[in-house]
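Thanks for making time, everyone. Please bring up the model and follow along while I talk.

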Amino acid sequence: MGQNTPQSWGRYPKVKASQVVPIYWRNELPNLASFGQSILAYGYGRSYGDSCLNEGGVSVDVSPLRKFIAFDDQNGLLRCEAGVSLAEVLELIVPRGWFIPVSPGTKFVSVGGAIANDVHGKNHHKAGTFGCHVTQFELLRSNGERLICSPEQNSELFRATIGGLGLTGIVLWAEFRLKPIVNPYIDMESIQFESLDEYFEIAAGSDKTYEYTMSWVDILVGGESLCRGKFMRGNNNQQPELAAKPLKKKFPLIVPIDFPSFTLNNLTVRAFNEAYYRVQREKHVRKVVPYDPFFYPLDSILQWNRIYGKRGFFQYQFVVPFSHGREAMHDILGRIRRSGEGSYLTDLKNFGSIQSPGMLSFPRPGLTLALDFTNNGKKTRVLLNDLDVMVKQYGGVVYPAKDARMSAESFQTYFPEWHEFEQYIDPQFSSSFWRRVTESASVPSYA
Ligand SMILES: Cc1cc2nc3c(=O)[nH]c(=O)nc-3n(C[C@H](O)[C@H](O)[C@H](O)COP(=O)(O)OP(=O)(O)OC[C@H]3O[C@@H](n4cnc5c(N)ncnc54)[C@H](O)[C@@H]3O)c2cc1C
């Protein structure tokens with residue numbers, strides 16, 4: 001992170017912290033009470049909006065807390081400091097026959113960040129969220145207390161911290177359960193679909209027998225079909241002989257500069273979608289692939305967020321109950337198409353019904369769609385405000401980890417649990433996101 005300027009992945013809003021305080025050692029912790037200002041932990045800034053930002057307050061950089069503490073390879077229990085990244089966890093555990101229980105679409109997130117946003121992955125329908133696999137962690141509060149939290153000990157604080165947006169204190173280390181694997185390869189399939197109805201059909205036939213499912217969608221096609229796309233599904237490969245097959249190391253590309261803001265427009269998105277859809281020549285393709293390109297295709301291009309230009313971009317992810325899935329998609333996609341704002345990276349998935357322990361967790365049973373929009377100022381905000389109204393109307397919610405602009409009214413409607421949650425917030429902790437969505441007088445004021 002830059003000096004006093006921690007950034008989020010969407011690069012919007014751009015705000016300054018009063019100071020950035022790194023933590024290196026668990027036995028040399030800063031006296032949080034002495035700051036006299038609001039405090040927030042910062043991991044790797046892979047949250048898209050302002051939930052990892054604390055304008056005018058202290059940003060505690062937890063990323064140097066990077067040690068592994070213990071590994072019980074009989075039971076697959078890993079304990080590590082909260083700044084360890086999922087990439088580092090994978091390097092350690094994959095050669096030993098284990099995998100992360102739940103992984104988001106990038107491995108460059110910290111364990112603390114994965115807990116604070118209770119992240120979900122391609123296996124939500126089978127495994128729930130990351131928080132479902134956390135067995136315990138140590139939480140530092142601003143009064144200097146260090147509390148062990150687990151489903152049995154300080155259990156309310158445990159539930160509040162999972163998906164608690166970093167507001168309950170600083171997670172110093174965590175222990176979580178891993179998933180055994182035979183080898184690091186995935187039997188993957190990619191199936192083209194030509195309408196939302198076809199998506200529903202393939203999803204219904206996949207969620208029982210496939211551990212991982214996720215679809216890329218082209219939302220610009222319109223008409224009765226509503227969208228088209230590629231349904232990706234997979235299972236861990238079970239051939240023991242592949243365990244010894246070395247994984248090829250691929251060096252990532254890098255986006256070295258901010259693209260000019262006109263680069264991404266409806267025409268280029270349309271052209272990209274057409275090419276990406278057609279590059280697969282057969283309707284149904286089957287392959288055995290290493291885990292990296294299957295789980296983390298975007299990690300092969302470092303700093304890809306720069307293609308959206310200096311003004312950054314908004315990611316918008318919502319979930320709506322299945323009972324309203326079709327109607328909601330009809331209205332929401334129609335509104336997006338009329339706006340003329342395109343989304344390159346649009347993911348569609350069915351969330352399952354495994355309940356997270358997290359009090360404020362986002363995932364719940366339903367259809368979830370994640371879209372990326374270039375920040376075109378007021379025009380984009382008006383669109384996203386309209387989408388909020390539709391998501392509310394269909395009983396859905398929007399993901400705080402990806403948000404930089406929803407109103408206090410929207411947040412409080414989506415998450416009525418915030419009142420119960422509030423009592424567990426550390427009195428000295430706050431974030432730009434939290435002030436925006438709970439202090440009704442503070443309407444978003446970013447330029
Ligand atoms: C390419 C990409 C793909 C993604 N895919 C997914 C996905 O599939 N599913 C999904 O759920 N999310 C996804 N995300 C979002 C990302 O997984 C989350 O935002 C994650 O929490 C980021 O972790 P981080 O370490 O960067 O934390 P930051 O973004 O730095 O912080 C996130 C929150 O965690 C808190 N925090 C960080 N460390 C600690 C700590 N030690 N103690 C207490 N609080 C802490 C911060 O205060 C903040 O509230 C994706 C992001 C990107 C960029």
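Let's start with Asn154. Asn154 sits in the loop between β8 (146-149) and α4 (155-161). Helices (H or I, at least four residues) and strands (E, at least two) are DSSP runs, numbered from the N terminus.

A word on the source. This is a predicted model, where local features need pLDDT of at least 70 and side-chain atom pairs count only at pLDDT 80 or more, while totals for chains, interfaces and linings use all residues. Residues are numbered from 1 along each chain as its sequence is written, and side-chain values use heavy atoms, with hydrogens and water left out.

Back to Asn154. Its phi is near 45 degrees, a positive value in a residue other than glycine. Most residues other than glycine have a negative phi, and most peptide bonds are trans. Buried means under 20% relative accessible area, exposed over 50%, and partly exposed in between, with a 1.4 Å probe and protein chains only.

Now Leu226. Leu226 also has a positive phi, about 70 degrees, and is not a glycine. Leu226 lies in strand β13. Leu226 counts as buried, because its relative accessibility is 1%.

One more backbone point. Tyr12 and Pro13 are joined by a cis peptide bond, with omega about 0 degrees. Pro13 belongs to the segment before β1 (19-22).

On to the sheet. In what order do the eight strands of the open sheet run? The order is β15-β11-β13-β12-β18-β19-β17-β20, with antiparallel pairing. Strands pair if DSSP finds at least two bridges between them. At the edges are β15 and β20 (397-398), each pairing on one side only.

Take β11, residues 185-193. Eight of its nine residues are buried, so β11 is largely enclosed by the rest of the structure. β11 pairs with β15 over seven bridges, antiparallel. It pairs with β13 (residues 226-236) over eight bridges, also antiparallel. There, Ile191 has Phe231 of β13 as its bridge partner.

Further along, five bridges join β18 (residues 347-351) to β19 (residues 366-374), again antiparallel. Asp347 stands opposite Ala370 in β19.

Next, Pro290. Pro290 is in strand β15, residues 284-290. Tyr185 stands opposite Pro290. Which residues does Pro290 touch, leaving out those up to four places away in sequence? They are Pro184, Tyr185 and Leu247. Contact means heavy atoms within 4.5 Å. Pro290 and Asn183 are 107 residues apart in sequence, but 9.2 Å apart in space, C-alpha to C-alpha. Pro290 is partly exposed, at 28% relative accessible area.

Last, the ligand. Of the 34 residues around the ligand, Ala41, Gly43, Arg46, Ser47 and Ser110 come nearest. Being around it takes a heavy atom within 4 Å. By class, the shell has 19 nonpolar, 13 polar and two charged residues. Ala, Val, Leu, Ile, Met, Phe, Trp, Tyr, Cys and Pro count as nonpolar, Asp, Glu, Lys and Arg as charged, and the others, Gly among them, as polar.

Now the distances. A backbone N or O atom of Gly43 lies 2.8 Å from a ligand oxygen. For a polar backbone atom of Arg46, the distance to a ligand oxygen is 2.7 Å. Taken alone, the ligand exposes 970 Å², and the protein buries 97% of that. Those areas come from the Shrake-Rupley method with a 1.4 Å probe.

Terms used. Polar contact = N/O pair within 3.5 Å; in protein donor to acceptor, adjacent residues only side chain to side chain.
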